[in-house]
Amino acid sequence: MSDAVQVFTDGACKGNPGPGGWGALLRWQALEKELCGGERETTNNRMELMAVIAALEILKRPTALTVTTDSQYVQRGVSEWLPRWKRNGWRTTNLEPVKNRDLWERLDAALGGHEVRWHWVKGHAGHVDNERADRLAHQGILTLKV
């Protein structure tokens, strides 16, 4: 996947719940696209999910991707928990309803057709593109004019 689209995502929240934003940076060769948005009353986990969803939904055709996130919730959710949740009727191992099911279902649909490799990085640890996605997420909050 050396010619893969590189995707860097992050979510942010002022209060949890509270006003939140998401940011995504997509890079393919020398081309880059920045995305951001926000919601007035949300959670950090929802914004982490929205960053990845927005990045995937903007793609016009099935693509090889590397998604870099600082969210273990998103990374582990996709790679470990999602298949089990679907088999269990969107219930956790404790038989509780899956939180943020609407966004998990949307992410699951957005993943269709793409070849995705997930990469987790520690947040706020100097990873240049993760820091850029973080700035975009905070910009998403600013667009709300809260």
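**Entry 1: helix α4.** Before checking a helix length, I noted that the expected span of a helix is 1.5 Å times one less than its number of residues. I also noted that this is a predicted model. Helix α4 runs over residues 128-142 and has 15 residues. From its first C-alpha to its last I got 21 Å, close to the 21 Å expected at 1.5 Å a residue.

Next I asked which residues of α4 are buried. They are Asp129, Asn130, Glu131, Arg132, Ala133, Asp134, Leu136, Ala137, Gly140 and Ile141. I then looked at what lies over these buried residues, and the cover includes β1, β2 and β3 (31-42).

I picked out asparagine 130, which lies in helix α4. Asparagine 130 counts as buried because its relative accessibility is 2%, and the cut-off for buried is under 20%. Leaving out residues up to four places away in sequence, I found asparagine 130 touching Thr9, Asp10, Asp70, Val121, Lys122, Gly123 and His124.

**Entry 2: histidine 124.** Is histidine 124 buried or exposed? At 57% relative accessibility, histidine 124 counts as exposed, since the cut-off for exposed is over 50%. I also wrote down its phi, near 55°, a positive value in a residue other than glycine. My reminder to myself: most residues other than glycine have a negative phi, and most peptide bonds are trans.

**Entry 3: other backbone notes.** I found a positive phi at tryptophan 90 too, near 60°. Tryptophan 90 is placed in the loop between α2 and α3, and at 10% relative accessibility it counts as buried. I then checked a peptide bond, the one from asparagine 16 to proline 17, and it is cis, with omega near 15°. Proline 17 lies in the loop between β1 and β2.

**Entry 4: the core.** How many residues does the largest nonpolar core have? I read off 31, and those with the most contacts inside this core are Leu49, Trp104 and Leu107. The elements that give two or more residues to the core are β1 (5-13), β2 (18-28), α1, β4 (64-69), α2 (72-87) and α3 (101-111). Which element gives the most? It is α1, with nine residues.

Not counting residues up to four places away in sequence, leucine 49 touches Tyr73, Val74, Asn100, Leu103, Trp104 and Leu107.

**Entry 5: helix α1.** I went back to α1 and found 14 residues, reaching 20 Å from first C-alpha to last, close to the 20 Å expected at 1.5 Å a residue. α1 is mostly covered, with 11 of its 14 residues buried. Among the buried ones are Leu49, Val52, Ile53 and Ala54.

Alanine 54 got its own note. At 13% relative accessibility, alanine 54 counts as buried. Beyond residues up to four places away in sequence, alanine 54 touches Trp22 and Leu35. I also took the C-alpha separation of alanine 54 and glycine 37, which are 17 residues apart along the chain, and got 9.1 Å.

**Entry 6: helix pairs.** The axes of α1 and α3 come within 9 Å and cross at roughly 25°. The two helices are therefore roughly parallel to each other, as angles under 35 degrees count that way. The contact includes Leu49, Val52 and Ile53 of α1, with Leu103, Trp104 and Leu107 among the residues of α3.

**Entry 7: tryptophan 118.** I finished in strand β5 (residues 115-120), where tryptophan 118 lies. At 17% relative accessibility, tryptophan 118 counts as buried. Not counting residues up to four places away in sequence, tryptophan 118 touches Val52, Val67, Val74, Gln75, Val78 and Leu111. The C-alpha atoms of tryptophan 118 and threonine 66 are separated by 5.9 Å, though the two are 52 residues apart along the chain.

Note on methods. Residues are numbered from 1 along each chain as its sequence is written. This is a predicted model: local features need pLDDT of at least 70, side-chain atom pairs count only at pLDDT 80 or more; totals for chains, interfaces and linings use all residues. Side-chain values use heavy atoms; hydrogens and water are left out. Buried means under 20% relative accessible area, exposed over 50%, partly exposed in between (1.4 Å probe, protein chains only). Contact means heavy atoms within 4.5 Å. A nonpolar core is a set of buried Ala, Val, Leu, Ile, Met, Phe, Trp, Tyr and Cys residues joined through side-chain atoms within 4.5 Å. Helices (H or I, at least four residues) and strands (E, at least two) are DSSP runs, numbered from the N terminus. Axes are lines fitted to C-alpha atoms, for helices over the stretch in contact, and angles run from 0 to 180 degrees between N-to-C directions. Angles under 35 degrees count as roughly parallel, over 145 as roughly antiparallel, 65 to 115 as roughly perpendicular and the rest as oblique.
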